[in-house]
Amino acid sequence: MAKYQCPDCGYIYDEATGNEHEGYEPGTRFEDLSDDFACPACFVRDKEDFALLEKSSLKK
Amino acid sequence: MKTVTFDSPAQGTISYVDKKRGLWWMSALYPLFPITGLVLHGLTGIELMLLVPMAAAYIFVPLFDYLLGEDLSNPPEEVVAQLEQDRYYSRLLYLAVPLHFITFFAAVYWIVTQDLSMAGYLILAVGTGMTSGLGINTGHELGHKTDPLSRLMAKIVLAVPGYGHFCLEHNAGHHRHVATPEDSASSKMGENIYAFALREIPGGFKRAWQLEKVRLQRKGKSMWSPSNELLQSYAITAIIQISLLIASGWMLLPFLIIHNFLAWWQLTSANYIEHYGLLREKKANGSYERCQPHHSWNSNHVFSNLLLYHLERHSDHHAHPTRHYQSLRNFDDVPALPNGYFGAYLMAYCPPIWFAVMNPRLLKLQHIQGDLSKVNILPGKREAMEQKYASLVVA
Ligand SMILES: [Zn+2]
């Protein structure tokens, strides 16, 4: 399970938790999100803009 | 005066005092302003006093914007995280929510209990509607947050003007497609505000329902499920407005219709002036460049910004939609409105004035410099614009 971050607002899509409000169930892989996925927090960055977070780069 | 400090390894201690901190009460309390009209009417018995709040808003706010001018200051980037964690600012936002209800109910009470003339009735309906339109601004700031409390408060305040679809339409629709011909909430060069309203109001409604349908489909739920957030907000509107009609009779119906429409019209007015003619460039792959500060008309006029939770610092808002109102920045060299929103609305309501002021301003922008291919222009208007502004247009 990986995490991906929005480069503008910092929102993190965590595959382990998904996003309940947007209807992405826990365990939904980032690659399985639709191609027109936009950041669910700021909506001004697209799927291709998200950056994979290495586990080591996560402070929490 | 509260000082925020940040210990920077490179620059030493950075301390910052937000001079506007205490002044944000103006945004929080402004929703109550129409009540001054009721009080003045009650005290003097002169019905025309109901006009005072509206007249004050459209005469004195543009005047104060002109006289007090602009505030170009920004908080240092290092303290923004602290500013945004300071709960004081969000509490001021939450406070505005019940105040919108108080003003709405006070106006309804006045309509029902006072024997108003037709003119008095209309003035009160229009003035209250405009203030409930301001509720969309409160809902706007709340709706950009993703925490459940802000989301809930946004749905509640949007129920006053009956515009529960706003947040979804605005965040996932307007922000994503802003400054493109496809966006129903971005106005085009040569498009007057009345034509724009006919595109913007139904366009926003349709887009919100489409977006909510897709979100609910992902959750395996139907459009009519209680999870539909548009329906949740509309339900509050329906309960309030239908109960009032049952309690007070049909005489309240014109008030509610005018009130709701005027509130939507306030949003239309804001949308109209915020991106007039601005266009994001299309990339080779067919998608648009990211929204930059120069894709919004900005205003740093301090007085109206303090009444609108910094909404007029619109360039930063669109470039970074999740920034909180207290930390929105001024940028140099972004498209600038000649006055705050109140003054700009007055210009927009009179299309010849709006076009005369804004078309040259648009064509002279640094990133446009007379190149109509960089303008979001009404189809069919290009030739007319080339002729009319021949000295500004570069062929
Ligand atoms: Zn984001």
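Predicted model: local features only at pLDDT ≥ 70, side-chain atom pairs only at ≥ 80, totals over all residues.
**The zinc site in chain A**

The zinc ion is held by the SG atoms of A:Cys6, A:Cys9, A:Cys39 and A:Cys42, at 2.3 Å. The angles among the 4 donor atoms run from 105 to 116°, and the site is tetrahedral. Along the sequence, the donor residues follow the spacing C-x2-C-x29-C-x2-C. A:Cys6 has a relative accessibility of 2% and is buried. A:Cys9, at 24%, counts as partly exposed.

**The contact between chain B and chain A**

The two chains meet through 17 residues of chain B and 18 residues of chain A. The size of an interface is often given as the accessible area lost when the parts come together. For chain B and chain A the area buried between them is about 1,600 Å², with 44% of it on carbon and sulfur atoms. On the side of chain B, the residues that lose the most area to chain A are B:Arg176, B:Arg218 and B:Arg290, which together account for 37% of what that side buries.

Across the interface there are 4 salt bridges. One of the side-chain pairs joined by a salt bridge is B:Arg218 with A:Glu22, at 3.4 Å from N to O. The largest share, 4 residues, comes from H8 of chain B.

Most residues other than glycine have a negative phi, and most peptide bonds are trans.

| Residue | Phi | Relative accessible area |
|---|---|---|
| B:Ala179 | near 55° | 0% |
| B:Tyr309 | about 50° | 2% |

B:Ala179 sits in the loop that runs between helix H8 (166–177) and helix H9 (193–218) of chain B. B:Tyr309 is in the loop between helix H12 (302–307) and helix H13 (314–319) of that chain. B:Ala179 is buried, and B:Tyr309 is buried as well.

**A:Glu15**

A:Glu15 belongs to the loop between strand E2 (12–14) and strand E3 (51–53) of chain A. Is this glutamate buried or exposed? With a relative accessibility of 3%, A:Glu15 is buried, because it falls under the 20% cut-off. Its side chain reaches the backbone nitrogen of A:Ala2 at 2.8 Å. Apart from residues up to four places away in sequence, A:Glu15 touches several others, among them A:Met1, A:Tyr4, A:Pro26, A:Arg29 and A:Phe30.

**B:Ser315**

B:Ser315 is part of helix H13 of chain B. The relative accessible area of B:Ser315 is 0%, so the residue counts as buried. Which residues does B:Ser315 contact, leaving aside neighbours within four places in sequence? They are B:Pro293, B:Ser296, B:Asn298, B:Phe331 and B:Val334. With B:Pro293 there is a polar approach: a polar atom of the side chain of B:Ser315 lies 2.8 Å from the backbone oxygen of B:Pro293. The C-alpha atom of B:Ser315 is separated by 8.8 Å from that of B:Ser299, and the two residues are 16 residues apart along the chain.

Key:
Residues numbered from 1 in each chain as written. Chains lettered and ligands numbered in written order. Heavy atoms only, no water. Helix = DSSP H or I, 4+ residues; strand = E, 2+ residues; numbered from the N terminus. Buried < 20%, exposed > 50% of the residue type's maximum accessible area, 1.4 Å probe, protein only. Donors = N, O, S within 2.8 Å, 3.2 Å for Na, K, Ca; no water. Tetrahedral: all angles 85-135°; square planar, octahedral: opposite > 155°, others 65-115°. Contact = heavy atoms within 4.5 Å. Buried area = accessible area lost by both parts, 1.4 Å probe. Polar contact = N/O pair within 3.5 Å; in protein donor to acceptor, adjacent residues only side chain to side chain.
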